[in-house]
Amino acid sequence: VLLGHEETRKILEVNPEKSHRISFYGSSDEAFREGRVAIVSFPGVHGYGWNKLTEVSRAQEVSLATSCVFLPDEKNPDYGIHDHDSESGSCHCYHLYGEAKDWGCRWYTIWMKQTCKASLAGCKLVVVTKDDGSLGHSQEGEVRFLNSKAFPHERVSTAEFALMLLECQC
């Protein structure tokens, strides 16, 4: 799927309501290969961009993978589940958001496992930021995890992400 001007504009648009409300557990284990770009964090406010990431990462022939996880609602059995941090003993929500959240933090546990797989496979880990370089609340926690594990990663804006999609002809 080639990106045109209109498609790129939609990726850059800030509108979380444009996200498809589908459960997404990241790329398959086979997608994590040495040298492959793995998007490990994406700003939820860019709904259309999120849709493109999930679409592209499902295609086996492209050179882009993701460890990102989205559990949108109660229809998902992992939604609302709270997993505890082995170090603090408290639910991950507390270090992510400062309080327990209705959607839980199971997504974060799954994301950490996926991200570790990507790193161990030798993927190039990439954090996509908002265009101003800032991160969302969940992203701040994801980047803290990357730093705590000393996982090398690069930050790119949503505009640079759109260019990445063009370069891989996604």
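Me: What makes Ala 150 count as exposed?

Reply: Its relative accessibility is 61%. Exposed means over 50% relative accessible area, buried means under 20%, and partly exposed is in between (1.4 Å probe, protein chains only). Since 61% is over 50%, Ala 150 counts as exposed. Ala 150 is found in the loop between H5 and E4, and its phi is near 55°, a positive value in a residue other than glycine.

Me: Thanks! Where do these numbers come from?

Reply: This is a predicted model, in which local features need pLDDT of at least 70 and side-chain atom pairs count only at pLDDT 80 or more, while totals for chains, interfaces and linings use all residues. Residues are numbered from 1 along each chain as its sequence is written, and side-chain values use heavy atoms, with hydrogens and water left out.

Me: Why is the pair of Tyr 108 and Trp 111 called stacked?

Reply: Rings of Phe, Tyr and Trp (its six-membered ring) pair if their centres lie within 6.5 Å; planes under 30 degrees apart count as stacked, over 60 as edge-to-face and the rest as tilted. By this rule there are 7 aromatic pairs. For Tyr 108 and Trp 111 the centres are 5.6 Å apart and the planes 20°, so the pair is stacked. Both residues lie in helix H4 (residues 106-120), 3 residues apart, about one turn of the helix. Helices (H or I, at least four residues) and strands (E, at least two) are DSSP runs, numbered from the N terminus.

Me: And why is the pair of Trp 111 and Phe 145 edge-to-face?

Reply: Their ring centres lie 5.4 Å apart and their planes are at 70°, so this pair is edge-to-face. Trp 111 is in helix H4 and Phe 145 in helix H5 (residues 137-148), so the pair ties together parts that are 34 residues apart in sequence. Trp 107, Tyr 108, Trp 111, Phe 145 and Phe 151 form one aromatic cluster.

Me: How do you know that Trp 111 and Phe 145 are buried?

Reply: Trp 111 has 0% relative accessibility, so Trp 111 counts as buried. Phe 145 has 8%, so Phe 145 counts as buried too.

Me: Which way does the chain cross from E3 to E4?

Reply: The chain goes through H5, and this β-α-β crossover is right-handed. That word applies if, with the strands pointing away from the viewer, the path from the first strand over the helix to the second runs clockwise.

Me: Which strands are at the edges of the sheet?

Reply: The 4 strands form an open sheet in the order E2-E1-E3-E4, with parallel pairing. Strand E2 (64-66) and E4 are the edge strands, as each pairs on one side only. Strand E1 (residues 37-41) is joined to E3 by 4 bridges, and Ile 39 has Val 126 as its bridge partner in E3. Strand E3 (residues 124-129) is mostly covered, with 5 of its 6 residues buried.

Key: Pairing = 2+ DSSP bridges.
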